[in-house]
Amino acid sequence: MISLVAIATFASAFFSLVDSSLLVVPRKPRIIGGTNASLDDFPYMVSIRLKALETTGFGDGFFCHGVLVSPKAVLTSTDCVLNGSGPRTPEELSLVLGTASRTNASGAFWVQPEQIWIDRDRRLAVIKLAQEVLHSRPIVLNEFHQDDGKQCILMGWGANSTDGKPMETLQEVYVRIVSEKCPKDLICAGENSAGGNAGICFWDTGVPLLCDGSLSGIYVGRPDHCGMEMANFASVRGHWDWIGSQIALANEASSRLANFWWILILSVVMIMKNKTLMQIK
């Protein structure tokens, strides 16, 4: 029988090996430094695509990220809904949910934008959806201040190297909050460890920053290189009232429609009940 001492010795040697070889942050610039993410953990991720390019193949039209913040609304960066001449129209865009794959349509479903609200000063946009999303859970908004050094998560389909293309599978990576020299109403976050390469890369516009499992920020920059020491995110806390008002507007029409159907159903029930009573009399 193997003694407890022998087991302890083996375990110590094993974990020593793991620490020294498997858990070291890769030096190759890689959402850079990321690993494959599960859609079960991030069901609210939205792939924003240009319809005109999507016709050549599923995933070819991908260019930006969004996050489902209510069954009728997606929050993103203004850069995702603007082109060189002004705002994009809802008809130009296609929103894809339900899959962690950028190029495999299995499990994916499409949602058509109905209206786009843009605030250039905040660098945020809310996309009102033409129909409610019932198959994916919206993310919870985080209204709290994030302390310097706090570990948070990024996720997206952006490139994993300076010369790379968007990733095939959704990536997640840990970053840390950087408070020093961070502008007001922004959250700044960078690499998770000294000298490590992790964070924002090309094609990452609109990616969400999650702290404590809820949405703290949206990446609103345009990266000029990968693994930036500090990336800027529009703060959910800093723009709480505006985000909340846009979500309320998006949900309003849906609520009115739901109320209409409830009134209609109740009216039919009352009519049938009255007819039944009259027949009994």
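## Arg 88 and Glu 92

At 16% relative accessibility, Arg 88 falls in the buried class (buried is under 20% relative accessible area, exposed over 50% and partly exposed in between, computed with a 1.4 Å probe on protein chains only). Arg 88 is joined by a salt bridge to Glu 92, with 3.5 Å between the closest N and O atoms, and Glu 92 is itself partly exposed, its relative accessible area being 28%. A salt bridge here is a side-chain nitrogen of Lys or Arg within 4 Å of a carboxyl oxygen of Asp or Glu, and the structure holds six of them.

The structure is a predicted model, in which local features need pLDDT of at least 70 and side-chain atom pairs count only at pLDDT 80 or more, while totals for chains, interfaces and linings use all residues. Residues are numbered from 1 along each chain as its sequence is written, and side-chain values use heavy atoms, with hydrogens and water left out.

Glu 114 and Lys 128 form another salt bridge, in which the closest N and O atoms are 3.2 Å apart. Because Lys 128 belongs to strand E10 (residues 124–129) and Glu 114 to strand E9 (residues 113–119), this pair ties together parts that are 14 residues apart in sequence; strands (E, at least two residues) and helices (H or I, at least four) are DSSP runs, numbered from the N terminus.

A polar atom of the Lys 72 side chain does, however, lie 2.7 Å from the backbone oxygen of Leu 129.

## Asp 212 and Lys 150

Asp 212 forms a salt bridge with Lys 150, where the closest N and O atoms are separated by 3.1 Å. Since Asp 212 sits in the loop between strand E14 (208–211) and strand E15 (214–219), and Lys 150 in the loop between E10 and strand E11 (151–156), the pair ties together parts that are 62 residues apart in sequence.

At 63% relative accessibility, Asp 212 counts as exposed, while Lys 150, with a relative accessible area of 24%, is partly exposed. The backbone of Asp 212 also deserves a look, as its phi is near 55 degrees, a positive value in a residue other than glycine.

Arg 123 is placed in the loop between E9 and E10 and, with 34% relative accessibility, is partly exposed.

Lys 51 is located in helix H2 (residues 51–54) and is partly exposed, with a relative accessible area of 34%. Although Lys 51 and Leu 95 are 44 residues apart in sequence, the distance between their C-alpha atoms is 9.4 Å.

Notes: Polar contact = N/O pair within 3.5 Å; in protein donor to acceptor, adjacent residues only side chain to side chain.
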